[in-house]
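Trainee: Pick one part of this structure and take me through it closely. I want its surroundings and its place in the whole.

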Amino acid sequence: MSKFVELFCDVDDFCKVFIPQWCKQLLEDGTRKRQREGQMTTSEIMTIVVSFHMSHYRDFKNYSLGYVSLVYKNAFPNLLNYTRFLAVMPRVTVLMCAYFTSLKGKPSGHEFIDSTSIKVCHNIEYLDIKPSTVSLNEVKVLWVGFMVLSST
């Protein structure tokens, strides 16, 4: 629960600073827009989405229905149901990108590329074929060597 509270505080502080500055820079087309806040605040929605990505759950539905609605019911008194939450998630897409960009550190100039081979198909079927009849187009294994890139 402590990490969840820390995450919420961090996201809420970001939203309090970023959203007013962002709203000043938005262009208007002259039509009146709805200015009323929803049931859940933007920082609450972002906190749930970020905590989902930090969790071990594979899909958001199980996370929302099986974890958030049971464990964090008291933390979010105005918690939306699953389908409504999915409808409001696109509203925080730009804010999430800006939040994660603000968390990035300065680039060091050194990047590492993993050298793990990526298998694109099963090679079991090729075991019966003699090596002389196998062409390079049939064996689809992508090998990326280990590289260290330096920009200095």
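Mentor: The protein has five helices and four strands. Both are DSSP runs numbered from the N terminus: helices are H or I, at least four residues, and strands are E, at least two. Along the sequence the pattern reads α-α-α-α-α-β-β-β-β. This is a predicted model, in which local features need pLDDT of at least 70 and side-chain atom pairs count only at pLDDT 80 or more, while totals for chains, interfaces and linings use all residues. Residues are numbered from 1 along each chain as its sequence is written, and side-chain values use heavy atoms, with hydrogens and water left out.

The part to examine is α2. Helix α2 covers residues 42-54. Its 13 residues should span 18 Å at 1.5 Å a residue, and its end C-alpha atoms are 18 Å apart, which agrees. The expected span is 1.5 Å times one less than the number of residues.

Now its burial. Of the 152 residues of the protein, 22% count as buried. Buried means under 20% relative accessible area, exposed over 50%, and partly exposed in between, with a 1.4 Å probe and protein chains only. Helix α2 is mostly covered, with ten of its 13 residues buried. Among them are Glu 44, Thr 47, Val 50 and Phe 52. These buried residues of α2 pack against α1 (2-25), α3 (60-71), α4 (82-88) and α5 (93-103).

Take the α3 partner. The two helices α2 and α3 pack at an angle of about 110°, with their axes 11 Å apart. Axes are lines fitted to C-alpha atoms, for helices over the stretch in contact, and angles run from 0 to 180 degrees between N-to-C directions. So α2 is roughly perpendicular to α3; that label covers 65 to 115 degrees, with under 35 roughly parallel, over 145 roughly antiparallel and the rest oblique. On the α2 side, Ile 48, Ser 51 and Phe 52 meet Phe 60, Tyr 63 and Val 68 of α3. Contact means heavy atoms within 4.5 Å. By class, this contact has five nonpolar, one polar and no charged residues. Ala, Val, Leu, Ile, Met, Phe, Trp, Tyr, Cys and Pro count as nonpolar, Asp, Glu, Lys and Arg as charged, and the others, Gly among them, as polar.

Look at Ser 51 in α2. Ser 51 has a relative accessible area of 8%, so it is buried. Leaving aside neighbours within four places in sequence, Ser 51 is in contact with Phe 4, Leu 7 and Tyr 63.

Finally, the core. A nonpolar core is a set of buried Ala, Val, Leu, Ile, Met, Phe, Trp, Tyr and Cys residues joined through side-chain atoms within 4.5 Å. The largest one has 26 residues, and those with the most contacts inside it are Met 40, Met 46, Ile 48, Phe 76 and Phe 85. Each of α1, α2, α3, α4 and α5 supplies at least two residues of this core. The largest share, six residues, comes from α2. Phe 85 is in contact with Met 40, Ile 45, Ile 48, Val 49, Phe 60 and Leu 80, leaving aside its neighbours within four places in sequence. Across the protein, residues 24 or more positions apart account for 75% of the contacts with a separation of 6 or more.
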